[in-house]
Amino acid sequence: MFPYHSGKNQIPNPYYRSVPQGQYYNPYSEAGWFGWHYPIESEGSFRHSQRLTFVLVHGSWADAHFWDGVAAVLRSQGNIVYTPEYAGHGTDPNKNVTHAMITKSVVDYIRHLNLYDFILVGHSFGGTVIQKVAEQVPDRIKRLVFWDAFVLKDGESVVDELPPQTRKGFEQLRAMSNDDTIMLPFDLFRVLFVNTATTEDAKLFYTSVAPEPAKPLFEKLDLKAFYALQTPKSYVYFYQDNVLPQGEGYGWNPHMSIRLGLFRLIVGDGDHFTDTRTRPAYLAQKIYDASRD
């Protein structure tokens, strides 16, 4: 029995596939609506002196909507922002994808738009994506930024970095699906991903959560080329992120971040998901501080 799943608190989410696409820049799709009111100026003036180009890569149980508010803030200050949608997510109905297919989606996006000199940002599982993308287009990237993101060692998978209890739960949820995906029960999502949110905001956020392709989470990645790169790197760590326990061989910082070698560290006080919607200006500032020269 999955220890986190109580059943009684789970909020049904049968319509995840029908959530319309948001207004993010994606040349392969049409813009739609904003599903949330983003308080762009809620954290005060956004400080910047250098205009940058960002490619923001989301993580698991998310799509490019995840970045709508943050992208709007960064663009309002004169930066250029792209938010690619990768295989098995968003409007893509095919959940039978591999990590290589996900990586190829982002690499193809970058090459299609002929992007150079950009900041490549990865959140959560997106950290493993930008590790592999960086191997393929290192000459195009100005800096890599990991926000509470996995930095896998060569030969590791994402689940190798999960505590045994969490890994067992994911394996059970995977076995329960009929299409090799993992759908987070609401009570698990609430405790681990949006622990600082109000109950109302947590429920609203959950309406956009879709089943995650399981296979890429269990694939072991060859990252020898990544660890030979000299690309500048940064890590953004939020203290209240509860997805991974801190200490005892787990956690985001310093457990993951120290693998980057020489890196810039920027810290904040949010959790894993909430601030993208409730404090996008705050998160945008942290990402910008991690990215500037």
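**Reading cavities, core and rings**

Mentor: The largest cavity in this predicted model has a volume of about 120 Å³. A cavity is a set of points, on a 1 Å grid over the protein atoms alone, where a 1.4 Å probe fits but cannot get out, and its lining residues have an atom within 4 Å of a point; the points are joined across faces, edges and corners, and the volume is the space filled by probe spheres set on them. Because the model is predicted, local features need pLDDT of at least 70 and side-chain atom pairs count only at pLDDT 80 or more, whereas totals for chains, interfaces and linings use all residues. Residues are numbered from 1 along each chain as its sequence is written, and side-chain values use heavy atoms, with hydrogens and water left out.

Trainee: How many cavities does the search of the whole structure find, and which residues lie nearest the centre of the largest?

Mentor: The search finds 2 cavities of 30 Å³ or more. Of the 15 residues that line the largest, Trp61, Phe150, Phe170, Phe193 and Val243 lie nearest its centre. By class, that lining holds 11 nonpolar, 4 polar and no charged residues, where Ala, Val, Leu, Ile, Met, Phe, Trp, Tyr, Cys and Pro count as nonpolar, Asp, Glu, Lys and Arg as charged, and the others, Gly among them, as polar. The second largest cavity has a volume of about 60 Å³, and its lining of Trp61, Ala62, Asp63, His65, Phe66, Phe205, Ser208, Phe273 and Arg277 divides into 5 nonpolar, 2 polar and 2 charged residues.

Trainee: How much of the protein counts as buried, and which residues of the largest nonpolar core touch the most other members?

Mentor: Of the 293 residues, 56% count as buried (under 20% relative accessible area; exposed is over 50% and partly exposed lies in between, with a 1.4 Å probe and protein chains only). A nonpolar core is a set of buried Ala, Val, Leu, Ile, Met, Phe, Trp, Tyr and Cys residues joined through side-chain atoms within 4.5 Å. The largest one has 86 residues, of which Phe54, Leu120, Phe146, Phe189 and Phe193 touch the most other members. Helix H9 (residues 280-291) gives the most to this core, with 7 residues; helices (H or I, at least four residues) and strands (E, at least two) are DSSP runs numbered from the N terminus, and the protein has 9 helices and 8 strands.

Trainee: How are the planes of paired aromatic rings placed in Phe146 and Phe226?

Mentor: A pair of aromatic rings is described by the distance of the centres and the angle of the planes. Rings of Phe, Tyr and Trp (its six-membered ring) pair if their centres lie within 6.5 Å, and planes under 30 degrees apart count as stacked, over 60 as edge-to-face and the rest as tilted. The structure holds 22 aromatic pairs. Phe146 and Phe226 have ring centres 6.5 Å apart and planes at 75 degrees, so this pair is edge-to-face. The pair links distant parts of the chain, 80 residues apart, with Phe146 in strand E4 (residues 141-147) and Phe226 in the loop between helix H7 (215-218) and strand E7 (233-238). Both Phe146 and Phe226 are buried.

Phe189 and Tyr206 form a tilted pair, at 5.6 Å centre to centre and 45 degrees between the planes; Phe189 is in helix H5 (residues 186-192) and Tyr206, 17 residues apart from it, is in helix H6 (residues 199-206).

Trainee: Is Phe189 buried or exposed, and with which residues is it in contact beyond its neighbours within four places in sequence?

Mentor: Phe189 has a relative accessible area of 0% and is therefore buried, and Tyr206, at 1%, is buried as well. Leaving those sequence neighbours aside, Phe189 is in contact (heavy atoms within 4.5 Å) with Leu184, Val194, Ala202, Phe205, Tyr206, Val209 and Phe273. Val191, which also lies in helix H5, has 44% relative accessibility and so counts as partly exposed.

Terms used: On a 1 Å grid over the protein atoms alone, a cavity is a set of points where a 1.4 Å probe fits but cannot get out, and a pocket is an open set with protein on both sides within 12 Å along at least five of seven lines; lining residues have an atom within 4 Å of a point.
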